[in-house]
There are 2 protein chains.
Amino acid sequence: MFTLVGLGLGDASDITLKGLKAVHEADVVYLEAYTSFLINSSAEELANVYEKPVLVADREMVESGEVLQEASDKKVVLLVVGDVFGATTHFDLLLRCHEQGIPCRSIHNASIINAVGCCGLQLYRFGQVISLCFWTETWRPDSWYDRLMSNREMGLHTLVLLDIKVKEISDENLARGRNVYEPPRYMRINEAIDQILEVEQKKKGGAVAEDGSTMSIALARVGSNAQQVVAGTMRELRELDFGDPLHSLIIAGDIHTCETEHVNLFRSK
Amino acid sequence: MFTLVGLGLGDASDITLKGLKAVHEADVVYLEAYTSFLINSSAEELANVYEKPVLVADREMVESGEVLQEASDKKVVLLVVGDVFGATTHFDLLLRCHEQGIPCRSIHNASIINAVGCCGLQLYRFGQVISLCFWTETWRPDSWYDRLMSNREMGLHTLVLLDIKVKEISDENLARGRNVYEPPRYMRINEAIDQILEVEQKKKGGAVAEDGSTMSIALARVGSNAQQVVAGTMRELRELDFGDPLHSLIIAGDIHTCETEHVNLFRSK
């Protein structure tokens, strides 16, 4: 039996009773620790709260299907931060279960996709989600711009998810065959705003105002006790420090009357 | 103190540990029981599992802000099915808290908005969500069609939420001032498909194929143990009986290669 369990967004206490029951009944519990991370809990803390050993599963173990190896005769749980289907790779595991005749199920939880409602904008007025990744000197992807542009054209809000790098190996270490991991990195709101404005200045489609005057909402540590929501222009928000990860950003579309009052709760000035 | 607690989608055991702690610490616990309902648990069952009385709050009590009356000097919890910000009215309560100086917080959970990932389509390839409501002889709203159409034009999937009527009073009883509630009603997938096809046949924009050959996915009781996911053409799905509520529907946009294999898991034939 293979069970995907969503952990929600904040800490060990965001698991559901149903999820915790699955953990308690499991023979093996893995934590998927490369597509996201819990804001306030490490694997050790989860293990303490759940009173159960929690093994960290990295990208290789998940993508290779290694986490399924024992699932045909044991109860295996894979803990996933947020909800269980945030990343395609988790659904792929269910597919492999079907192919291998392993019974499987999933236990849902909150993810940034719905928790973003905490900003006061209406969930059904969001268009496509976009993801920004860290640029390097030679790799500066901007294919998200077209989606931001279509959302703009329809007056829709855009949730912008920001890159996370966990257990990355530098080019140098990779070349030398050394399994030395870089410290985890996460993109900050300021960097995301710079990236968006730079692409706007190049493409000039009007997805956002070039001068940074487009209304946006900064989200930091959503779902945790240290959650921060600040509304302001892109220019205003890029000057602020939102502290610890995780950060997300909303580029507002047309703000309806009933949303204005909500968003004003969070104005930076 | 006022706390909104998301209950998730299935039954009493879908509450988070954090949510349950808030319930246990509360002086008064309300269940918001008109925008949705838990598939497998009544207020009495929640009260049994949580070992705490649970009062049912109807539309009037929530929209009038009556549920906040005691929150300035007591701990009041409002339980909300799904996540806490599915309906604008819940955010309005937080706004009132701010106006009245009542401390407030929210504890997230899964909602259909993210749990829809269980169908195998990728969450970031969904466009705007649309909602269908029950038609009457004189009221047949179809303003959702434009949004379905824009999603189509961009190749995006559309999550279609179906109407729920709880504690409605018939026109006759209303006219006679009788507070007699009609039995709860929920829209079925078949009715939703008929409504969409009828509007397509009238508007002919091509949001879906008029002959019902557009690929769609029926979702019934998502997040519960009796969850059902069936993929097929609209014509195929409208002939099937998906049983007890709640039902939702996905109108597929362009299905990417990596999604095809996932969706095929759920093919009706």
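Please keep in mind that the model is predicted, and that the values below are computed from it.

R176(B) has a charged partner: its side chain meets that of E172(B) in a salt bridge, with 3.8 Å from N to O. E172(B) has a relative accessible area of 47% and is therefore partly exposed.

## How the two chains are related

Let us turn to the pair of chains. The same surface serves both copies, as 100% of the contact residues of chain B recur in chain A.

## The interface

How many residues of chain B are in contact with chain A? There are 45 of them, and they touch 45 residues of chain A. Together the two chains bury about 3900 Å², with 65% of this area on carbon and sulfur atoms. Three residues of chain B, namely L17(B), K18(B) and F91(B), supply 16% of the area that chain B buries against chain A, more than any other three residues.

Helices α1 (17–25), α4 (88–100), α5 (112–115) and α10 (257–264) of chain B each supply at least two residues of the side that touches chain A. With 6 residues, α4(B) gives the most to that side. Sorted by class, the side of chain B that touches chain A has 20 nonpolar, 18 polar and 7 charged residues.

The count of salt bridges between chain B and chain A is 4. One of the salt bridges in the model joins K18(B) to D11(A), where the closest N and O atoms are 3.8 Å apart. K18(B) also belongs to a network of salt bridges that links it with D11(A) and D14(A).

## Salt bridges within each chain

Over all chains, a search of the whole structure finds 33 salt bridges. In general, side chains of opposite charge can pair when their charged atoms come close.

In chain A, R238(A) and D194(A) form a salt bridge through their side chains, at 2.6 Å from N to O. R238(A) lies in the loop between α9 (234–237) and β12 (247–251) and D194(A) in helix α8 (residues 189–203) of chain A, so this pair ties together parts that are 44 residues apart in sequence. R238(A) is partly exposed at 27% relative accessibility, and D194(A) is partly exposed with a relative accessible area of 32%.

In chain B, E259(B) forms a salt bridge with R125(B), and their closest N and O atoms are 2.8 Å apart. Because E259(B) lies in helix α10 and R125(B) in the loop between α5 and β6 (130–132) of chain B, the pair ties together parts that are 134 residues apart in sequence. Are these two residues buried or exposed? Both E259(B) and R125(B) are buried.

## Helices and what covers them

Helix α1 (residues 17–25) of chain A has K18(A), G19(A), L20(A), A22(A) and V23(A) as its buried residues. What covers them includes β1 (2–6), β2 (28–32), α2 (43–50), β4 (76–80) and β5 (104–107) of chain A, together with α1 of chain B.

Over in chain B, the buried residues in helix α6 (residues 144–153) are W144(B), Y145(B), L148(B), M149(B), S150(B) and N151(B). Their cover includes β6, β7 (158–162), α8 (189–203) and β12 (247–251) of chain B. After α6(B) comes G155(B), whose phi is positive, near 75°.

## A look at N173(A)

N173(A) has its place in helix α7 (residues 171–175) of chain A. Its relative accessible area is 9%, so N173(A) is buried. Leaving aside neighbours within four places in sequence, N173(A) is in contact with R178(A), V180(A) and E182(A).

Definitions and conventions: Residues are numbered from 1 along each chain as its sequence is written. Chains are lettered from A and ligands numbered from 1 in the order in which they are written. This is a predicted model: local features need pLDDT of at least 70, side-chain atom pairs count only at pLDDT 80 or more; totals for chains, interfaces and linings use all residues. Side-chain values use heavy atoms; hydrogens and water are left out. Helices (H or I, at least four residues) and strands (E, at least two) are DSSP runs, numbered from the N terminus. Buried means under 20% relative accessible area, exposed over 50%, partly exposed in between (1.4 Å probe, protein chains only). Contact means heavy atoms within 4.5 Å. Buried area is the accessible area (1.4 Å probe) that two parts lose on being put together, summed over both. Ala, Val, Leu, Ile, Met, Phe, Trp, Tyr, Cys and Pro count as nonpolar, Asp, Glu, Lys and Arg as charged, and the others, Gly among them, as polar.
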